[in-house]
Amino acid sequence: MNPTQRAIEHCYAEGWTDGLPVVPCDRAAAEALLARVDRDPDEVLLEMPQLNRAVTVRLAAVNAVMAGCLPEYFPVVVAAWDSLREEGYPRKGIWQSTTGTASLLLVNGPVRGELGVNSQGNLFGPGFRANATIGRAVRLTAMNALGLRPHELDQATQGTPAKYTACIGENEEESPWQPLHVDHGLAPEDSAVTAMTMRSTLHIEARHTRVPEQLLDDVAGSLARTGALLHQTVSACVVLCPEHAHLLADAGWAKRDVSRYLYEQSFLPREALDRAGKGAVSAKSHWRVARDHPDAVLDPGPDPARDGIHTMTSPDAVLVVVAGASNSGVSAVVETFGPRGNRPAVTRVAA
Amino acid sequence: MPAVSICTDAFRITAEAMARTYGFPGFQYVSVPHPVASLSAEGIRQRVEEMLPRVLEILGVEE
């Protein structure tokens, strides 16, 4: 073996990888990343008291090097940790849960162009160093700094391929609407990261229609599915391709109209819930259970005229962003644990 | 208040990793057969009856 291979194999032997090779990190490599941010290397970015462990800026830098990040990516990585802390689910232990979530990082602003963050074709796929390594940096840190390794403290029953990396840019240039970070009070010239706790990514194949309601009902079919329901209701990030976004905007729809309509159409009648044994909610755990469960309580939907529920918690629980190529009518529903009506964790990247 | 941790056997590796994390390797807890989430009330009652002697043993209760 040559010295490079020996170093890579050493990292494998120490258990420092996600299964793919990592870039061996020395002090100088970590210092090059730390020099890009105005943060104390010992500052805690995310604390997990239940594990007696914490992610510091230094540990985040070491793992970002190992993930393959260039030094100039590090301000985005730090913003991702700030966003993950604000979003709240990782600190509550979701990364240890059997559900097996990943962290979706949405990048907005000029930093996309500066670093080459892909917001267009093959958005969720491979081929772009910034997307691949910024997302991977979070997972490697979780494994190495927090000890969240599978079959140990990461108890995911199946997990998701997004656990390797899940980092996308918003396609602001081809969106008819203002970008997410501007919706939430930042300037267009600011850059931002928004972290979301995600489960599945579902494809929406909709190349067939120019009718806004048909398109959105097609999307809503993937929102209103019983398999997504563990608790009473859920939330989603709907990633519209530019073609779909323009179809809607040309017909006069704003993003909030899309969210409201998708919420309304996320209705599941009680009999559909009953067929899946999820027609009620446990008064104790608030998990969905069958009506004949001893703790069962029927949860009335918000619409007294119809017996059933909206799978989406509220219109605000349907976050709409625009990304992907302008070449077809393919969008995505990303099933998320949040936001549940609160502000998404839009976090500015320090200049 | 004295307490006993209870988990299903599917979580033993995690339970032992958590005990090591806190500096208590060999921490005693009760493990019951997996699963419990889908059991009937009667099934739950049986699990409780089966585990009770072990819970009392860890608490140091003498018969």
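This is a predicted model: local features need pLDDT of at least 70, side-chain atom pairs count only at pLDDT 80 or more; totals for chains, interfaces and linings use all residues.
1. A:Arg348 is partly exposed, as its relative accessible area is 45%. Its salt-bridge partner is A:Asp190, with the closest N and O atoms 3.8 Å apart. The two residues belong to distant parts of the chain, 158 residues apart: A:Arg348 lies in strand 14 (residues 346-348) of chain A, and A:Asp190 in the loop between helix 7 and strand 5 (192-205) of chain A. A:Asp190 counts as buried, at 17% relative accessibility.

2. A second salt bridge in chain A joins the side chains of A:Arg112 and A:Glu173, at 2.8 Å from N to O. This pair also links distant parts of the chain, 61 residues apart, with A:Arg112 in helix 5 (residues 111-115) and A:Glu173 in the loop between strand 4 (167-169) and helix 7 (180-183) of chain A. A:Arg112 is buried, at a relative accessible area of 7%, whereas A:Glu173 is exposed, at 58%.

3. In chain B, a salt bridge of 3.2 Å, N to O, connects the side chains of B:Arg54 and B:Glu57. Both residues are in helix 2 of chain B and stand 3 residues apart, so about one helical turn separates them. B:Arg54 is partly exposed at 28% relative accessibility, and B:Glu57 is exposed at 52%. Elsewhere, A:Arg39, A:Glu43, A:Asp82 and A:Arg85 are joined into one network by salt bridges that share partners. Over all chains, the structure holds 23 salt bridges.

4. Is strand 6 (residues 235-240) of chain A mostly covered or mostly open? The strand is mostly covered, with 6 of its 6 residues buried. Burial applies to both faces: A:Ser235, A:Cys237 and A:Val239 are on one side, and A:Ala236, A:Val238 and A:Leu240 are on the other.

5. Strand 6 of chain A has neighbours of two kinds. With strand 13 (residues 330-336) of chain A it runs antiparallel, joined by 5 bridges, and A:Cys237 has A:Val334 as its bridge partner there. With strand 12 (residues 318-322) of chain A it runs parallel, again through 5 bridges; in this pairing A:Val238 stands opposite A:Val320. As background, strands of a sheet pair through backbone hydrogen bonds, either parallel or antiparallel.

6. Chain A also contains an open sheet of 3 strands in the order 9-8-10, with antiparallel pairing. Strand 9 (288-289) and strand 10 (296-297) are at the edges with a single partner strand each, so one side of each is left without a neighbour in the sheet. Strand 8 (residues 280-282) pairs with strand 10 over 2 bridges, and A:Val281 is placed opposite A:Val297.

7. A:Cys11 is buried at 5% relative accessibility, while A:Cys25 is partly exposed at 27%. The count over all chains is 0 disulfides.

8. On chain B, a nonpolar surface patch of about 270 Å² is made by B:Val36, B:Ile44, B:Val48 and B:Leu52. B:Val36 is in the loop between strand 2 (30-32) and helix 2 (41-59) of chain B and is partly exposed, at 32% relative accessible area.

9. An unreviewed UniProt entry places the feature "domain: UGSC-like" at residues 1-60 of chain B. In the model, that span is 48% helix and 10% strand, and its end C-alpha atoms lie 13 Å apart.

Conventions:
Residues are numbered from 1 along each chain as its sequence is written. Chains are lettered from A and ligands numbered from 1 in the order in which they are written. Side-chain values use heavy atoms; hydrogens and water are left out. Two strands pair if DSSP finds at least two bridges between them. Helices (H or I, at least four residues) and strands (E, at least two) are DSSP runs, numbered from the N terminus. A disulfide is a pair of cysteine sulfur atoms within 2.5 Å. Buried means under 20% relative accessible area, exposed over 50%, partly exposed in between (1.4 Å probe, protein chains only). Patches are made of residues with over 30% relative accessible area and no salt bridge: like charges are joined within 9 Å, nonpolar side chains (Val, Leu, Ile, Met, Phe, Trp, Tyr) within 5 Å. Accessible areas come from the Shrake-Rupley method with a 1.4 Å probe; for residues, only the protein chains shown count as cover. A salt bridge is a side-chain nitrogen of Lys or Arg within 4 Å of a carboxyl oxygen of Asp or Glu. UniProt positions are given in the numbering used here, feature names are shortened, and annotations may be inferred rather than shown by experiment.
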